[in-house]
Structure formats: structure tokens, C-alpha cells
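Colleague: I'm new to reading protein models. Could you walk me through one, a feature at a time?

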Amino acid sequence: MDRGFFNVPKAVNEPVKSYAPGSPEREEVLATYKQMFSSNVDIPMYINGEEVRTENTRNITPPHDHKHVVGQYHLAEKSNVDTAIATALEAREAWSRLSWMERASIFLKAAELLAGPYRAKMNAATMIAQSKNLHQAEIDAACELIDFFRFNVQYMTDIFKDQPDSAPGIWNRVEYRPLEGFVYAITPFNFTAIAGNLPASAAMMGNVVVWKPSDHQIYSAKVIVDLLKEAGLPDGVINVVYGDPVMITDTVLASPDFSGLHFTGSTFVFKELWKQIGVNIHNYKTYPRIVGETGGKDFIWAHNSAYPLQVATAITRGAFEFQGQKCSAASRAYIPASIWEEVRTHLAKQVAEIKMGSPEDPSNFVTAVIHEGSFDKIAKYIDNVADSNDAEIIMGGNYDKSKGYFIEPTVILTTNPLYETMTTELFGPVITIYVYEDKDWEASLKLVDESTEYGLTGAIFSTDRYIIQKASEALENAAGNFYINDKPTGAVVGQQPFGGARASGTNDKAGSAQNLLRWASVRLIKETFVTPQDYKYPFLG
Ligand code: NAD
């Protein structure tokens, strides 16, 4: 029933609440945290809208208090994955034909529910099971996911409005069809918003989805499922399975109806998935769309015209917020010798002030890293420094996993621009600094550009426009999100579409029309009003 050209509400960014002491939002989220932390939640898979439980479960334990159990989730058997695929394909029949306005309404409603009654629950789940502090949970689990829902509705309609011209006597139309088959969404632990957006953006465009969240984000994934259900998402549109990623993926990628991968996670995993899709290519009914946002080794580069305090502050926020577990986190910095001592003094003061502990205490800036594997990996790189001749730890460097996976914000100083922590993604609260001679600033830009395989985010600091232009040009391909005089993290939907190239991903920019377009397959319709009846063209006669 299309009886009008409807405008969708203009998308605006959800305001970030302050959670200042005494504010009602602070009281509400801390009370919700307490209640959820002391309960036990049983999290089923969701297939065709039904709760699916198996004999095989795994505990959910907060990274900052890993002996404490807050619940358990159920692991998929192969048969569950088969059912999820079959169910999605059945649901496709109705979902792909549902008017886009009805689909849009579901996600607009989800945005409002999350802005209101679901906000505290979503933030608390993210604080408990992903160890985000209050502010980090708010900007991710609440605001960014709300923004994804709202802005994607607007982008979807922008896409639909893009129509071809028509010559006299004909009418050309472009239809943005969902992909023929189903989309497989694989999501990482570190952003609740990404976990929600990867299945939801494909679904918004009329696709059906099998979604495999990270084992370390299941609690907030459950809240996302509850939210979408309450918003009216029909059964079978997004089917959620947990467990062995290899078994689940082998099963999904073996289906001839697999038509798209929406992935965010590490580079190695994504490359392996791409390879597997290539091996299976003859089995698929359609060429699958492959969208992946992956790892980074994000930089801060400063020129001697930069203000040292601004550089230090960008390092502290860029490297240590959410324990450095953002794909965009600054993890290598290049500082000119003439301002280094001043940057170091400011940085040391800031790092010394940082409090570390449970996210339940809002004064903690840093909490625990996500799991033991990550803790051990980061600790090993910290230990290696002691054995090296070209690096030293100048701040932090202690760690302790007795209660939670806590690693102090750590600054390594190196004389080797290719030292292992200058080139490897650690995904923890560690930044390595290389100090260059001021006169070598151009050569240092080449180092920034060529030292790693990644191209995700990066920041330059300078007050000199000639230098800013030069550095922007020299680093043209070093970052998909490039920041001038700001930290390289904190992209906002609708303002800084996010993604990188090189080994950092396909750069399809989450939170933009470009990304949504990947989940549509265009059908061009040409209608001719007075159809020719004589095959002879005039020139023949
Ligand atoms: P990860 O690669 O370990 O896991 C991501 C997802 O892939 C999870 O659901 C996991 O279960 C699944 N997975 C793991 N092995 C698999 C396999 N063999 N087959 C199929 N699926 C598999 O990443 P993570 O630790 O959850 O997240 C951190 C990584 O994600 C970092 O590298 C970070 O840079 C990246 N990341 C990138 C962006 C971006 O936008 N570029 C955003 C967030 C995170």
C-alpha cells in the first residue's frame, strides 16, 4: 500500500548523557548494574523467534571479576545452524516483500526504546560483560546503536531516492532488492553498537540474517534481541546462534543461499573467511557480498608546531579509553624531539591520575581487558620489553589477573620505529612512542605510512597549514579515518563514517549509505509506453 512519498524523521545524534554524580541516569544505571550483576541470566539462541537451548552451555563472567558468574549461554549444534539458515530463508518470503516504511518503523521504534526504557539495561550489560566504564558504555551501547538505527533509516530512503532519468515515452526505475539468499553477520566483542548494526543494517534493507555474536558480547547481544523483538521485528528475520565459530561458519558458508558476509573482527579471521568463500564460490547461487572491517595499528603523529598538552591528551584518551580495545585506538606515536619532554611530562601526569578498577565505580577510567587470552598476549609484549635493547617501559607496565584482567595503562618508548609493539595490533592499553629528530619530519611520515599493513585511523597534530597539507598528502592511504588535531577514536554516526582500507577492511563505512548499498541488489526496470511494432529502423529505408 504505497499511498504517498513518505519522509522519514530527520536523523539526529542521540545526546550523550552526563552521568554526573546525583543525576537520575547515573542512579538508574548503577542500580540496574547491581541487580543484573547479582542475578543469573540464562541466554538461549534465537531461531525463528523461539528460544533454543542445548545441553552445552558456557558461563558468562565479567572480565573485571572473572570468578563471578552472571549467567550462561547455549552453544549451537550443527543442526541449530541448519535450522537458522532454513528459517531465515522461509522468513525472507514475507520480509523481503514488506514495505520499506514498515521496516523503517521497526528500527525507528527500536531507537526510541533504546533511548528510553532499554538504555540502562543495555549499558549495564555492556559494563558487566564487556567491562566498559559508564561513559564508554553510553557512547557505544546506547548512543551509537541508536544513531545507527536512526541514520540508516534516513540513508535507506536516500538510496531509494536515487533514480535514473527517463527519456520521453519510457519510464526507468531502479528497485533496490534485498540480496537473494541470506546474510551472515559475525560481530566482535568490543562494540555493542557494531554487534547490533551488522545484522540490523542488512535486515533493514529487506535481508534475512544469521547472526553469530562474539562469545564475549553475549549478554548485551541478548538485550539487542529483546529490544528488536519489542520493536516488532518479525520472527526469523535475524536468527542468533552462539558457539564454535569454525563449525558455525563452515555450515553457513556451505549453503548455496549464502549471499553476503557482514563481518567486523580481526584481520586474520576475515582473510580466512574471504578465502573460504572463494573456495566455495562455485556452490553459491549469487556472488556473495563481502564486507569486513578489521584490525588497525592506529597512529598519532606530531609536528614540532603542535601543542604538547594537546598531543598528550590525545594519547591518553586515544590509547587508554576502553583499555585500548577499540579498532581505532592509538597504539603508536611519533613525536619530534624538541617537544617530547613536554609531551612526556603532561602524559606522565595524566597517566598517573588514571584510576583502574571495576566499571561499577564511575571514577575508574580504565577497567579490565576482555579475556585471559588477551591479557596473556598483552602481558607477553610488556615482558618482552625487558629483554630488548631498543625499548623501555616509561609508564605503567604492571598487570594482575587474580580478580580481573587488569593491565595498567602502559607507555613504551622505543628507538626502533619498527619495534614489535610499533607494528603489531595488541588491542590493549599500551602505546609505543618513537621520538624523531625534528628535521626528519618528512621521513617520519614515510615511517607512519609504511611500517604496518593497516590503514584504519590516524591523527596528525600541527598548527602549521603547510605541514598539515603535506602530512595529509603523505598519509593519504594510511588511514580511512584521518584526524587533524584530534585523537583518532570516537567516530560518530552521521558525522564520521567509519572504516579503513589496506589490511583494515573493505572500507564500506559503517554508518553510511555506502554500507547499506552493499545489502541491496539493484533491479533496473524500463517500461516503454508506446511499444514499437516494426523491426525496421528508419536508416534501413
Ligand atoms: P575476533 O576476530 O577474535 O572475533 C570477531 C568475530 O569473529 C567473533 O564473533 C568471533 O567468534 C569470530 N571468529 C573468530 N574466529 C573465527 C573463525 N575462524 N571463523 C569464523 N568466525 C570467527 O575479534 P574480536 O577480538 O572480537 O575483536 C577485536 C578485533 O576486531 C580487532 O582486531 C579490532 O581491530 C577489530 N575491530 C575492527 C573494527 C573496525 O571497524 N575496523 C571494529 C571493531 C573491532
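Modeller: Threonine 414, for instance, is found in strand β17. Keep in mind that this is a predicted model, where local features need pLDDT of at least 70, side-chain atom pairs count only at pLDDT 80 or more, and totals for chains, interfaces and linings use all residues. Residues are numbered from 1 along each chain as its sequence is written, and side-chain values use heavy atoms, with hydrogens and water left out.

Colleague: Is threonine 414 buried or exposed?

Modeller: Buried means under 20% relative accessible area, exposed over 50%, and partly exposed in between (1.4 Å probe, protein chains only). Threonine 414 has 3%, so it counts as buried.

Colleague: What does threonine 414 touch?

Modeller: Contact means heavy atoms within 4.5 Å. Leaving out residues up to four places away in sequence, threonine 414 touches Asp390, Ala391, Tyr419, Met422, Thr432, Ile433, Tyr434 and Val435.

Colleague: And how do I read polar contacts?

Modeller: A polar contact is a pair of N or O atoms within 3.5 Å; within protein, one must be able to donate a hydrogen and the other to accept it, and residues adjacent in sequence count only if both atoms are side-chain atoms. The side chain of threonine 414 has a polar atom 2.7 Å from the backbone oxygen of aspartate 390, and a polar atom 3.0 Å from the backbone nitrogen of asparagine 416.

Colleague: Which residues come nearest to the ligand?

Modeller: A residue is near a molecule if one of its heavy atoms lies within 4 Å of it. There are 27 residues around the ligand, and Thr187, Lys212, Ser266, Thr294 and Glu425 come nearest. An N or O atom in the side chain of serine 266 is 2.5 Å from a ligand oxygen, and one in the side chain of lysine 212 is 2.9 Å from a ligand oxygen. For threonine 187, a backbone N or O atom lies 2.7 Å from an oxygen of the ligand.

Colleague: How can I check a helix?

Modeller: Just after α10, phenylalanine 322 takes a positive phi of about 45°.

Colleague: What do the buried residues of α10 pack against?

Modeller: They pack against β12 (298-302), β13 (330-336), α11 (337-353), β17 (410-414), β18 (430-436) and β20 (457-461).

Key. Helices (H or I, at least four residues) and strands (E, at least two) are DSSP runs, numbered from the N terminus.
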